[in-house]
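Hi,

Here is the structure I promised to pass on. Please have it open while you read, and my notes follow below it.

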Amino acid sequence: MGFICGFSIATGAAARLLSGYDSYGNICGQKNVKVEGIVNSGLDLTQKKYVFFLDPCNIDLVHQKIKSLALCVSACPRKELKTLADVQKFAETNGSTLCSYELQPSEYTTDPRAAKLCPKYPVPESAPIPFFHRCAPVNISCYAKFAEALITFVSDSSVLHRLISGVMTSKEIIMGLCLLSLVLSMILMVIIRYISRVLVWILTIIVILGSLGGTGVLWWLYAKQRISASDVETQIAKENLQALLIYAISATVFTVILFLIMLIMRKRVALTIALFHVAGKVFIHLPLLVFQPFWTFFVLILFWTYWITVLLFLGTTGNPVPNEEGFVEFRMVGPLKYMWWYHVVGLIWISEFILACQQMTVAGAVVTYYFTREKRNLPFTPILASVNRLVCYHLGTVAKGSFIITLVKIPRMILMYIHTQLKGKENACARCMLKACICCLWCLEKCLTYLNQNAYTATAINSTNFCTSAKDAFVILVENALRVAAINTVGDFMLFLGKVLIVCSTGLAGIMLLNYQRDYTVWVLPLIIVCLFAFLVAHCFLSIYEMVVDVLFLCFAIDTKYNDGSPGREFYMDKVLMEFVENSRKSMKEAGRGGGAEGRELKPMVGADEEVAILQEFHFYFFSLFVFTDCTSSGEVFVLCITQDVLLFLFVSLPITWMAEFLSQLRPSPVKVR
């Protein structure tokens, strides 16, 4: 990628991008070299530093460029020029010729070629774009066609205008709600730190009440507006009524799914509570962990800025070539024209690399905390120590892990692009196969991401390479997945409930505030913007907590595998986790009725038969929900949906259950307590 950047700059692309160039291949603001066969090329344009388009509103939507003759001028017209006489007067007054180079200002009103070589009038008022030396119209109304073309789901321009007016009318409310989501996220982080023991139950109760209350409020608002509806109702009020109905139905379906998941996981919270309590202590000892998302986001912004800049360089790189109209375009020939493909791969790989560096940094700091018996002996800055180890020893591990994710992500993105291009053209079978492939690659990507994160934790513990760490992490996960994976999932699910709580609270506040503007404001876009921002903010804060819980879980699994609490093999775990282990032993002893040595074994926290029963229960509830949803469809849609759900149940859900039962038979013998 450094070579691509250097090549684009060395071939003059940086100058063409920043200074701009005219339709004859001349770079504005400097002396130029003559292009063979092109008139008006090789001019000395030292005094003409701005690019001016004769018809800036003539936009080619297919090729995404301005389809107009471009010239280098010394100044942009700061006021509207309505006639050629005004253009001539502007040239004589400011010395900036807005017509083609072969015309002199005195010929603007007399030469018949002026209709083609002079700007289309009225010439709009324009101003130079900072740093890029292009004259852009101050009134961007001429770009409305291009903006509407980008929003493909809007077929009526009046809908787009109402949506935009709704956002502009509610901009103060949107900003206030975004600030509210930030405050709620920070409050939730404080609550997690200090009341982690009861956090799971508090979140569960609040989410249950919130989902029921939110659903009830939506149905109440819908019923209230439906009763008060009249024949003189405005179009905006009708659209808001329809939006309320959609929101209420969606909230009802979401609440039902939420209840099903919580019903299945209601008994799997003991270890989660212990892990949350220890995670709260981690944040007390390592408060800088909270700022990890901000540092990562800052680095990503810097890289994305660099990437976009180089991409723009590549867009102006190449040799001058005459086009069909006799003007100059810069095109690369040979293998070099495919450099932007590698540049796209670099975007994915380095973005994943930066995120992986964050995971390795967090894992290193948490591992240092967990395996330090005396917490007062912790390094002064465990996070900086973790960053130092990452830079000195583990960059190759992070690069390899991120590259594996890139190899899976690229085919999925290609399939998604193909699916988008063939939308409406392929048959039902092809559509189903494409969606199935995309779904499988997405699942594989998520599984590899989770395995990579645990591999980074294993690397932080043992300082081994990526492949060895991934193998060790996989073995640990297989040995413990069917015992506590469901419990660990509860932790992620509880944090997800925290995100849902913030989004629902912000969205509910938005609904109540926007309800006062229902007669003249469309709710859809403002509410979507607020909810998306609230989710992103909550995700930035809680993703670090989720990462800490996952790292603590793997440390706990390794600790219980190689230590049993006997002299010389003492546990590293916190007292809360140790109490959990002791309670598990006591419950196993009671279940085994004190059966000698077998009662003294460190048994699984969840039995194999019970684990399989959990999976079967989940599959039953989930399949029942799918069938119920399918029954609401009709005709061909019902047949297609029920077929997909049956295939999903037979070829995904049942094999997972059988594989879980098979893996439960491969567990190693339990560790004896001496």
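I began with a pair of helices: the axes of α12 (residues 339–370) and α15 (residues 428–462) come within 9 Å and cross at roughly 45 degrees. Please bear in mind that this is a predicted model. An angle between 35 and 65 degrees falls in the oblique class, and α12 and α15 are therefore oblique to each other. The crossing in which α12 passes α15 is right-handed.

On the α12 side, the contact is made by A356, Q359, M360, A363, G364 and V367, and α15 brings Q453, Y456, T457, T459, A460 and I461 to meet them. Sorted by type, the residues of this contact are 7 nonpolar and 5 polar, with no charged ones.

Next, the nonpolar cores. The largest has 57 residues, and within it L289, Y545, V548, L552 and L577 touch the most other members. Helix α12 turns up again here: the elements giving two or more residues to this core are α7 (171–194), α10 (270–285), α12, α16 (466–514), α17 (524–562) and α18 (575–591). Of these, α17 provides the largest share, 17 residues.

Leaving aside residues up to four places away in sequence, V548 touches A279, V282, F283, L289, V362 and V366. Apart from this core lies another, of 32 residues, including C28, I38, F52 and Y101.

Happy browsing, and do write back with any thoughts.

Best wishes

Definitions and conventions: Residues are numbered from 1 along each chain as its sequence is written. This is a predicted model: local features need pLDDT of at least 70, side-chain atom pairs count only at pLDDT 80 or more; totals for chains, interfaces and linings use all residues. Side-chain values use heavy atoms; hydrogens and water are left out. Axes are lines fitted to C-alpha atoms, for helices over the stretch in contact, and angles run from 0 to 180 degrees between N-to-C directions. Helices (H or I, at least four residues) and strands (E, at least two) are DSSP runs, numbered from the N terminus. Angles under 35 degrees count as roughly parallel, over 145 as roughly antiparallel, 65 to 115 as roughly perpendicular and the rest as oblique. A crossing is left-handed if the near helix is turned anticlockwise from the far one by less than a right angle, and right-handed if clockwise. Contact means heavy atoms within 4.5 Å. Ala, Val, Leu, Ile, Met, Phe, Trp, Tyr, Cys and Pro count as nonpolar, Asp, Glu, Lys and Arg as charged, and the others, Gly among them, as polar. A nonpolar core is a set of buried Ala, Val, Leu, Ile, Met, Phe, Trp, Tyr and Cys residues joined through side-chain atoms within 4.5 Å. Buried means under 20% relative accessible area, exposed over 50%, partly exposed in between (1.4 Å probe, protein chains only).
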